[in-house]
Every structure is written in structure tokens, then in C-alpha cells.
Amino acid sequence: MMTPTALLPHPGLIRATPPPALESTAMARILAVGTATPETAYSQRELLDIFDIRDSRIRSVYLNSAIDRRFLTLPEPDADGVRAMETTGQLLAKHKAQGIAMGSRAVQECLKQIGADLSDVHYLLCVTSTGFLTPGFSALLIRELGLDRHTSRADIVGMGCNAGLNSLNAVAGWARAHPGELALMVCIEACSAAYVFDGTMRTSVVNSLFGDGSAAIAMVAGTEPDPTTDQPLTPRVVDFTSCIIPEAVDAMRYDWDSAQNGFSFYLDPDIPYVVGAHARLTVDRLLGRAGLRQSDIAHWLVHSGGKKVIDAVGVNLGLTRYDLRHTTGVLRDYGNLSSGSFLFSYERLIQEGTVRPGEYGVLMTMGPGSTIETALVRW
């Protein structure tokens with residue numbers, strides 16, 4: 001077990017360096033987000049029956065998760081209604097097949113919103129932590145979608161739930177270096193391809209939490225939005241900050257379990273409190289670099305990491321239920337979607353239509369490392 005308060009760095013060690021001044025047109029803008037999930041969704045009670053879970057402790061984990069349903073790709077039942085345990089090879093094949101299918105639909109939905117063609121894409125970065133492929137999803141999606149063979153690409157693999165913002169930082173940098181060229185980031189998480197059913201509490205907590213989904217985001221720099229169109233407001237990405245907690249490096253991990261002869265994910269029970277304890281430090285650094293106060297932030301899009309994680313972040317930052325409405329809504333309707341969760345929340349915020357010009361927003365993700373990533377955007 002970890003002691004959260006013991007992990008906080010001394011305040012004197014924080015040296016906040018202001019971000020370099022940029023002209024607004026040089027900043028990368030978020031143009032649109034598109035999302036996709038498998039066709040099949042299950043309530044938590046349905047999953048308890050499907051997995052034949054009778055242990056009262058594990059049932060309580062499922063039923064008190066603040067999750068109503070999740071989209072998952074499960075093995076089909078046989079003639080006796082039994083769903084066979086999937087082999088490692090079958091799980092990897094599911095990761096590839098579902099990843100290509102979801103990723104392709106998310107990209108197409110994203111481009112549709114801005115009236116762009118596949119031929120307009122010049123950069124593609126794919127993010128995943130639910131399987132391993134070589135070549136990665138970037139090459140597979142270029143072939144699947146028929147993107148130009150000269151499309152620049154990259155793959156971020158294995159960083160976990162925080163990776164969406166690590167990757168957004170990289171895409172924003174590419175966009176700034178290539179003004180006017182369209183860049184895409186695609187988070188592809190077939191979490192059911194990482195499920196292990198061994199009856200342990202370790203894996204049961206994971207199986208109760210994660211869902212399948214993909215989200216694609218389009219970015220461009222060096223251009224101004226057309227004021228004559230009815231397109232939603234497109235925020236500029238102002239800055240990023242990171243906070244890694246090396247003392248908690250083993251608190252969230254996906255590794256080989258020799259006892260079960262397979263890979264499995266582990267979450268330390270104290271991780272919500274460790275993340276919460278470092279949330280203020282990270283956000284203060286982000287806002288301080290821009291000369292802002294928390295009262296200047298109108299919108300909060302926090303990773304739907306789980307009920308306890310969301311509560312811990314909310315308490316430590318003094319956020320209201322309204323501030324976290326999209327975070328908790330995504331958890332309720334999709335579960336934890338790993339790297340793409342915050343983009344599902346972003347999509348809901350845009351669809352809500354409450355954003356006004358000049359408002360600031362903070363994006364926050366958390367994951368293995370242990371790590372907190374933040375980004376500051378302005379509409």
C-alpha cells in the first residue's frame with residue numbers, strides 16, 4: 001500500500017517556466033472529434049450473469065462502480081450458452097480486428113464533421129494500450145482507409161489511460177511545424193482484448209471497469225476559423241503540463257502474471273488517493289504558466305478513470321458535480337475507455353453547445369507511471 005501524502009514533492013522543487021509566447025494562429029486548433037464503439041453493450045448486471053460471478057465481494061465491485069453499461073466484444077456463447085475463455089492469440093486478434101473497425105469509423109466520423117476528405121490527412125498518430133501489433137494501427141488504418149502512402153505517422157503503445165494527452169501534445173507540435181496541414185490522433189482501445197478471468201479480485205476490478213471504444217481528433221495550425229460558417233467553436237491548445245509520480249510506478253501496470261500464465265492489469269487500491277493528492281500540484285502548474293486562476297476555467301474534461309478516481313480529483317480541486325458532469329456521464333454510459341475517455345467527454349461538451357468564445361478549459365488524464373497529464377485550451 002502507498003501513503004499518498006508522502007509522495008507529494010516539496011513545494012520548493014517546483015519551478016514553473018512560462019510557455020513561449022505564440023501568435024494565436026500558430027497554435028494548433030481542435031477542429032472536431034469523432035467516436036466509435038462496438039455494436040454490443042451490456043449492463044453491469046448482465047455481465048455478472050454472463051461471467052457467472054457469484055462472489056458477493058466481486059458483485060459489489062460491479063454494482064457500485066457508477067457504471068450502467070459498457071460496450072464490449074465478448075466471445076459468442078456455444079450451444080450450451082457457455083462463453084469459452086479466449087486464448088492470448090484470440091485476444092490479440094480481437095484487439096486488431098476491433099481496433100481497425102472502431103478506429104476507421106471514428107476517423108470517418110471526425111472528418112465528416114469538418115467536411116474533410118481522407119486525402120486531406122497528412123499526419124496520423126494512433127494510441128493504444130490494449131494489445132501489441134507490428135506494424136501498428138497507424139499503418140493498418142492507412143491501408144484500411146486508403147490514406148495517402150506519404151502520410152506521416154506514429155504509434156504510441158502501452159502508455160495507458162494518460163496517453164491521449166501525451167499524444168495530443170505530439171500532434172499539436174506536428175501541426176505547428178506544418179501550418180495548414182490536417183493532423184489526426186486516434187485513440188483505439190479494445191479493452192475487452194485485455195480481459196482475464198481468473199476469479200481474483202485483481203482482475204475482477206479491471207473487468208468491472210473498462211469498455212471498448214475509439215476516438216479520433218482533428219487538428220490544424222496556422223489557419224483561422226471561417227466566421228461565416230455554423231461550425232462549432234474550435235479551441236486553440238495553449239499549453240500542456242505533466243506530472244509523473246515515480247514512487248507509484250507499480251501502482252498501475254499491465255504485465256505478465258506468472259501464477260496465471262498470462263498478462264493481466266493491476267490497480268493499487270490507493271491509486272485514486274495518490275492521483276487526487278497530485279491533481280492540485282499539476283493544475284496549479286498549468287494555470288500558473290498561463291497567468292490564470294482556477295476561477296478562470298469554465299470547462300473541465302477529466303479522464304473517466306473510475307468513481308473513486310473522479311471523486312478524489314474533484315475533492316482535491318474543489319470541482320462541482322456540474323464541472324464533472326461529462327466525466328461521470330461517460331463513465332456511466334461507457335465505463336473507462338482508457339486513452340480516449342476524455343475525448344468522449346469533449347464530444348459531449350461540444351454537443352451540449354454551452355461553450356462561449358474566449359472561455360478556457362482544462363483537459364486532464366491519469367494513468368500508469370503513475371502520471372497526470374493536463375492541457376489548457378481556449379475557445
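A residue is called buried when its relative accessible area is under 20%, and exposed when that area is over 50%. Keep this in mind as you work through these exercises on a predicted model.

**Exercise 1.** Decide whether Pro 38 is buried or exposed, and find its surroundings.

*Solution.* Start by locating the residue: Pro 38 sits in the loop between strand E1 (28-36) and strand E2 (41-43). Next, look at its accessibility. Pro 38 has 6% relative accessibility, so it counts as buried. Now look for contacts, leaving aside neighbours within four places in sequence: Pro 38 touches Phe 71, Leu 72, Thr 73, Gln 98, Met 102, Arg 105 and Asp 212.

**Exercise 2.** Work out where Ser 304 is placed and which backbone oxygen its side chain approaches.

*Solution.* First, the place: Ser 304 belongs to the loop between strand E11 (297-302) and helix H8 (307-317). Second, the accessibility: Ser 304 is at 0%, and therefore counts as buried. Finally, beyond four places in sequence, the contacts of Ser 304 include Ile 310, Val 330, Ser 341 and Ser 345.

**Exercise 3.** Compare the reach of helix H10 with its expected span, then list its buried residues.

*Solution.* Helix H10 covers residues 341-352, which is 12 residues. From first C-alpha to last, H10 reaches 17 Å, close to the 16 Å expected. Its buried residues are Ser 341, Phe 342, Leu 343, Phe 344, Ser 345, Tyr 346, Glu 347 and Leu 349. Just past the end of H10, Gly 353 adopts a positive phi of about 75°.

Note on methods
Residues are numbered from 1 along each chain as its sequence is written. This is a predicted model: local features need pLDDT of at least 70, side-chain atom pairs count only at pLDDT 80 or more; totals for chains, interfaces and linings use all residues. Side-chain values use heavy atoms; hydrogens and water are left out. Helices (H or I, at least four residues) and strands (E, at least two) are DSSP runs, numbered from the N terminus. The expected span of a helix is 1.5 Å times one less than its number of residues. Buried means under 20% relative accessible area, exposed over 50%, partly exposed in between (1.4 Å probe, protein chains only). A polar contact is a pair of N or O atoms within 3.5 Å; within protein, one must be able to donate a hydrogen and the other to accept it, and residues adjacent in sequence count only if both atoms are side-chain atoms. Contact means heavy atoms within 4.5 Å.
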